[in-house]
Amino acid sequence: MRSYLDFEKPVAELEAKLEELRAMAAQGDAVAIGDDIARLEGKARDALLQLYANLSPSQKTQVARHPLRPHFSDYAAALFEEFDPLAGDRKFGDDHAILGGLARFRGRAVCLIGQEKGSSTETRIKHNFGMARPEGYRKAVRLMELADRFSLPVISLVDTAGAFPGLDAEERGQAEAIARSTDACLSLGVPNVAVIIGEGGSGGAIAIATANRVLMLEHSIYSVISPEGAASILWRDTAKAQEAAMNMKITAQDLLRFHVIDSVIAEPPGGAHRDPEATMRATGDAIEAALGELDGMEPAALRKARREKFLAIGRNL
């Protein structure tokens with residue numbers, strides 16, 4: 001059953017009428033109402049295209065958080081072969097919000113890391129809604145060091161509202177773990193490519209997204225804090241989240257213009273959740289192209305290019 005966002009009401013109404021006509025056609029004379037179905041299909045498609053061509057930052061935030069949007073596990077199954085997850089940080093335990101391991105991507109061995117939000121009540125609780133504790137980032141460091149040792153490119157799929165802010169996470173050194181993970185990204189002597197597939201929230205995202213190439217899906221977001229969090233701090237009113245989203249420049253289009261990211265991956269009309277397979281194919285093609293640009297670079301050159309890329313953000317802005 002399709003799930004509609006608040007601003008998709010006009011499309012929802014057209015598609016509801018379309019389903020009614022299709023049900024009538026299945027029970028009676030399909031030829032008699034065939035023209036009506038075709039006309040309504042075109043109208044619904046045009047409405048969807050027009051709506052998604054003019055999304056506000058607040059609306060893009062809703063799309064980025066859509067419950068049916070493909071998650072890390074979907075990409076791992078669709079784009080990677082022989083994915084062998086590795087568990088534990090060798091210090092405290094295993095965090096299920098960050099998953100990672102070794103895999104094959106279109107014929108080449110890689111290290112794959114990413115946040116998993118879960119797709120049902122049970123899996124969302126298991127994966128803590130994609131919000132990692134310190135052991136998740138320490139696991140990511142362990143995987144990146146392993147990849148560096150065996151000259152494997154690192155691919156990160158980012159989808160998190162942020163690192164888990166709980167007391168237990170702070171007691172175990174959340175900030176230190178995020179900093180070490182970010183440093184591990186910067187220190188890699190192998191190519192690394194990060195893709196923001198949904199939410200790229202704060203240090204929880206940058207900890208695995210400090211990459212040679214940072215890509216974003218068309219309707220994903222990437223920010224230092226959520227719009228609700230920013231509104232709460234600035235105005236002490238989460239109702240102003242829409243205003244915060246507008247001013248924070250969190251969309252892929254804004255961030256490309258500011259050279260914070262390297263490219264935007266187009267999504268199907270209506271967002272990634274309407275055609276996950278097409279979205280994941282496009283993402284795979286973009287990752288392959290990004291890795292191709294980095295092939296042949298020496299470790300020192302990769303580190304220097306990555307460092308200069310992030311230093312340039314502050315200089316340019």
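How many bridges join β5 to β7, and do these strands run parallel or antiparallel? Three bridges join them, and the two strands run parallel. Strands pair here if DSSP finds at least two bridges between them, and both helices (H or I, at least four residues) and strands (E, at least two) are DSSP runs numbered from the N terminus.

A word on the model before we go on. This is a predicted model, in which local features need pLDDT of at least 70 and side-chain atom pairs count only at pLDDT 80 or more, while totals for chains, interfaces and linings use all residues. Residues are numbered from 1 along each chain as its sequence is written, and side-chain values use heavy atoms, with hydrogens and water left out.

**Around strand β5**

Let us stay with β5, which spans residues 192-201 and is mostly covered, with ten of its ten residues buried. Buried means under 20% relative accessible area, exposed means over 50%, and partly exposed lies in between (1.4 Å probe, protein chains only). Besides its pairing with β7, where G200 has Y222 as its bridge partner, β5 is joined to β4 by six bridges, again in parallel. One of the pairs there is I155 with V193 of β5. Four bridges link β5 and β6, also in the parallel sense, and I196 finds its bridge partner M216 in β6.

**Salt bridges**

Side chains of opposite charge can pair when their charged atoms come close. The whole structure holds 20 salt bridges, each a side-chain nitrogen of Lys or Arg within 4 Å of a carboxyl oxygen of Asp or Glu. Here are three of them:

| Pair | N to O distance |
|---|---|
| K117 and D159 | 3.4 Å |
| R172 and E135 | 2.8 Å |
| E293 and R213 | 2.8 Å |

In the salt bridge between K117 and D159, K117 sits in the loop between β3 (108-115) and α5 (121-126) and D159 in strand β4 (residues 154-160), so the pair ties together parts 42 residues apart in sequence. K117 is buried at 13% relative accessibility, and D159 is buried at 2%.

R172 and E135 also meet in a salt bridge; R172 belongs to the loop between α7 (167-171) and α8 (174-187) and E135 to helix α6 (residues 134-149), so parts 37 residues apart in sequence are tied together. R172 is partly exposed at 21%, whereas E135 is buried at 5%.

The salt bridge of E293 and R213 links distant parts of the chain, with E293 in helix α13 (residues 276-294) and R213 in strand β6, 80 residues apart. R213 counts as partly exposed, at 22%. Salt bridges with shared partners also join R65, K117, D159, E199 and E228 into one network.

H219 lies in the loop between β6 (213-217) and β7 (221-223), and is buried, with a relative accessible area of 2%. Its side chain makes a polar contact of 2.8 Å with that of K60; such a contact is a pair of N or O atoms within 3.5 Å, where, within protein, one must be able to donate a hydrogen and the other to accept it, and residues adjacent in sequence count only if both atoms are side-chain atoms.

K60 is among the buried residues of α3, together with P57, S58, Q59, T61, V63 and A64. Because seven of the eight residues of helix α3 (residues 57-64) are buried, it is largely enclosed by the rest of the structure.
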